[in-house]
Amino acid sequence: MAKIAYFQCPTGISGDMCLGALVHAGVPLDYLKEKLELLGIGAEYELKSEPVRRQGQLATKVSVNLTQHNSDDHEDHHHSSTTRHLSQIQAIILQAKLPQQVEIRSLAIFRKLAEAEADVHGIPVEEVHFHEVGATDAIVDIVGTCLGLDWLNIEQFYCSTLPTGGGTVWAAHGQLPVPVPAVLKLFEMGKVPVYSNDIERELVTPTGAAIAVTLAQSFGEPPALSIQTIGLGAGSQDLPIPNILRLWVGEQHPSLDSDIFSTVNTEIQTITETISVLQTQIDDLSPQVIAYTFELLFQAGAIDVFSQPITMKKSRLGVLLTVICHPEHRQVCEAILFRETTTLGIRHTLQNRSILKRDIQTVETQYGAVRVKVGFSGKKITNVQPEYEDCAKLAKQHKVTWLEVHRLALQSWYGLP
């Protein structure tokens, strides 16, 4: 059965966090030191590991301390006078005679990083100066991560959705917005699903993004696996939530060997996205006001809004109001709930959801045009539904039933007489 690694990144990903998670998962630090010596840059750094606590949780912090240059406070990239071109880094890796899989993965990660930097600066890949991300510590982070994955015999690699972070950081080119340009380009190159967790720090570094985008087969929910080991890699900063990269190591779940699961996995192709879920319970508001609030929430970008009858304290009858929206619309939806209802508090969580790719097409009926929502799994059409509002508008306008317009729209889409 395939050996699987899943990186869960609630506070992002960086090179040193990857190393910490791998050491915590059982990769011997002495093994990493021994193999990294083959790179021939051992005089430039010192590799250390120590147990630390982040919000009370025990994790492993691995540090690459430069012996010739000063470092800054970033997770895995430091201001350094050492700059290297891609060809120089490739030569360092190739002359080390590392295990084949380590060599292949390390070269691929640096190539991906070089492509992102080249696109950002508008220059050929060969002319990219790697500055801090190509300096000693990043070489150690990337090659060390690949060594650790190889030591664990990882065959398949997956990663969670990634937080964007916020604010600004200082880099070789001055003060930059977060995500820094190279990270944003890597997000685009890897079609990485991202979200905001409201932490205004640099959470995903160029090295971390390059590792994830190059190695991960997909981003989102963890694959089905039997977990064998958990590795916890600590970041450098204390954040509102534990600054820990969680590495799940396991094997493909035996049940997935059955024909039925194999069929499902190949037939259903979904897209994973992050959504915000807002909930509040209300027991002192007219249902008409809630209906009006529904309309405002949809106008503000809510994906869905629904209510459920509940029994609250002292047996008071109330309503549980739930709003589903994209993270960028959470604040405006919260403002509407506070302004339009009597609620005093709103709970909000981030969740992943799997959706089918969809397309909006327009068909003509004898009563007028109707938009039709078409759902796809890969190139296969799985669902076709005329839009409710269009059918309702035409039904009222021509004094026919909604079902009649709906039926004609489907007939037109399928090309039936």
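I began with classes: Ala, Val, Leu, Ile, Met, Phe, Trp, Tyr, Cys and Pro count as nonpolar, Asp, Glu, Lys and Arg as charged, and the others, Gly among them, as polar.

**Entry 1. The model.** I noted that this is a predicted model, in which local features need pLDDT of at least 70 and side-chain atom pairs count only at pLDDT 80 or more, whereas totals for chains, interfaces and linings use all residues. Residues are numbered from 1 along each chain as its sequence is written, and side-chain values use heavy atoms, with hydrogens and water left out.

**Entry 2. Domains.** I looked up the domain assignment, which gives domain 1 (1-70 + 79-249), domain 2 (270-353) and domain 3 (355-413); such bounds come from an automatic or database domain assignment. The C-alpha centres of domain 1 and domain 3 are 47 Å apart.

**Entry 3. The second largest pocket.** I next examined a pocket (on a 1 Å grid over the protein atoms alone, an open set of points where a 1.4 Å probe fits, with protein on both sides within 12 Å along at least five of seven lines; lining residues have an atom within 4 Å of a point). The second largest pocket has a volume of about 410 Å³, a volume being the space filled by probe spheres set on the points, which are joined across faces, edges and corners. I found 19 residues in its lining, and Gln8, Pro10, Thr161, Tyr195 and Leu350 lie nearest its centre. The elements giving two or more residues to this lining are β1 (3-8) and β14 (347-355); helices (H or I, at least four residues) and strands (E, at least two) are DSSP runs, numbered from the N terminus. The largest share, 3 residues, comes from β14. By class, I recorded 10 nonpolar, 7 polar and 2 charged residues in the lining. Domain 1 and domain 2 each supply at least three residues to it.

**Entry 4. Packing of α4.** I then turned to helix α4 (residues 100-121), which packs against helix α5 (residues 136-151) at an angle of about 140 degrees, with the axes 9 Å apart. Therefore α4 is oblique to α5. Axes are lines fitted to C-alpha atoms, for helices over the stretch in contact, and angles run from 0 to 180 degrees between N-to-C directions. Angles under 35 degrees count as roughly parallel, over 145 as roughly antiparallel, 65 to 115 as roughly perpendicular and the rest as oblique. With helix α6 (residues 181-190), α4 packs at about 115 degrees, the axes again 9 Å apart. This makes α4 roughly perpendicular to α6.

**Entry 5. Backbone.** I recalled that most residues other than glycine have a negative phi, and most peptide bonds are trans. The peptide bond from valine 178 to proline 179 is cis, with omega near 0 degrees, and proline 179 lies in the loop between β7 (174-177) and α6. Glutamine 55 has a positive phi, near 55 degrees, and lies in the loop between β2 (45-54) and β3 (57-66). I also noted lysine 97, whose phi is positive at about 55 degrees, in the loop between α3 (86-95) and α4.
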